[in-house]
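Please go through the following model with me. The report takes it topic by topic.

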Amino acid sequence: MNAINAPSWIAVGRVADIPARGARVVRAPGGDIAVFRTGTDEVFALRDRCPHGAGPLSNGIVHGRSVTCPLHGMVFDLESGRTAGPDACTATSVPVRVVDGVIQIANPAFAEAAGA
Ligand code: FES
């Protein structure tokens, strides 16, 4: 892919489709993507696989600009994917934007983990 062709974006639904402090899963060839809506209507996206033990981050609790993994309680920053503390690890963040209330995921995110 060259700079002329990239990036392109794929619409995955409306912000209003996700409850405040909730998430929905977008299926992608490179792995499921968890799209989060905060209580202040910010939207973030992470791979739906916790780097600690593969927990589904989409089932986590959204608070502020963070999500707590449902399996062992690590707290991830929704923007960077990073945790804090001695066991720090990083979830894979996915480029996302909102245009006129529609959530768009960067097209390369759909294929990056599939080896494309
Ligand atoms: S699997 Fe997410 S904190 Fe362990």
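Where does Ser66 lie? Ser66 sits in strand S6, residues 66-68.

## Basis

This is a predicted model, in which local features need pLDDT of at least 70, side-chain atom pairs count only at pLDDT 80 or more, and totals for chains, interfaces and linings use all residues. Residues are numbered from 1 along each chain as its sequence is written, and side-chain values use heavy atoms, with hydrogens and water left out.

Helices (H or I, at least four residues) and strands (E, at least two) are DSSP runs, numbered from the N terminus.

Is Ser66 buried or exposed? Its relative accessible area is 18%, so Ser66 is buried. The classes use a 1.4 Å probe and protein chains only: buried is under 20% relative accessible area, exposed is over 50%, and partly exposed falls in between.

Ser66 touches Ile61, Val75, Phe76, Asp77 and Leu78, leaving aside residues up to four places away in sequence. Contact here means heavy atoms within 4.5 Å.

## Nonpolar cores

A nonpolar core is a set of buried Ala, Val, Leu, Ile, Met, Phe, Trp, Tyr and Cys residues joined through side-chain atoms within 4.5 Å. The largest one has 14 residues. Phe36, Leu46, Leu57, Val67, Phe76 and Leu78 have the most contacts inside it. Strands S3 (33-37) and S4 (43-47) each supply at least two residues of this core. Another core lies apart from it, with 12 residues, including Ile18, Ala28, Ile33 and Val43. In soluble globular proteins, nonpolar side chains tend to be buried together.

Leu46 belongs to strand S4. Its relative accessibility is 0%, so Leu46 counts as buried. Which residues does Leu46 touch, not counting residues up to four places away in sequence? The list is Ile33, Ala34, Phe36, Leu57, Val67, Leu78, Gly81, Ala91, Thr92, Ser93 and Val94.

## Salt bridges

How many salt bridges does a search of the whole structure find? The search gives 4. The criterion is a side-chain nitrogen of Lys or Arg within 4 Å of a carboxyl oxygen of Asp or Glu. Side chains of opposite charge can pair when their charged atoms come close. One of the salt bridges joins Asp41 and Arg37, with the closest N and O atoms 2.7 Å apart. Asp41 is partly exposed at 43% relative accessible area, whereas Arg37 counts as buried at 15%.

Arg65 forms a salt bridge with Glu42, at 2.9 Å between the closest N and O atoms. Arg65 is in the loop between strand S5 (61-63) and S6, and Glu42 is in the loop between S3 and S4, so the pair ties together parts that are 23 residues apart in sequence. Both ends count as partly exposed: Arg65 at 36% relative accessibility and Glu42 at 27%. Arg65 also meets Glu79 in a salt bridge, 3.3 Å from N to O. Glu79 lies in the loop between strand S7 (75-77) and strand S8 (96-99), 14 residues from Arg65. Glu79 is partly exposed, with a relative accessible area of 48%. Shared partners join Glu42, Arg65 and Glu79 into one network of salt bridges.

## Cysteines

The structure holds 0 disulfides. The cut-off is a pair of cysteine sulfur atoms within 2.5 Å. For Cys89, the nearest cysteine sulfur is that of Cys50, 5.6 Å away. Cys50 counts as buried at 4% relative accessibility. Cys89 is buried too, at a relative accessible area of 18%.

## The S2-S3-S4 sheet

In what order do the 3 strands of the open sheet run? The order is S2-S3-S4, and the pairing is antiparallel. Two strands pair if DSSP finds at least two bridges between them. Strand S2 (22-26) and S4 stand at the edges with a single partner strand each, so one side of each is left without a neighbour in the sheet.

Neighbouring strands of this sheet are turned by 25 degrees against each other on average, direction ignored. Axes are lines fitted to C-alpha atoms, for helices over the stretch in contact, and angles run from 0 to 180 degrees between N-to-C directions. S2 and S3 pair in the antiparallel sense over 5 bridges. Among them, Ala23 has Phe36 in S3 as its bridge partner.
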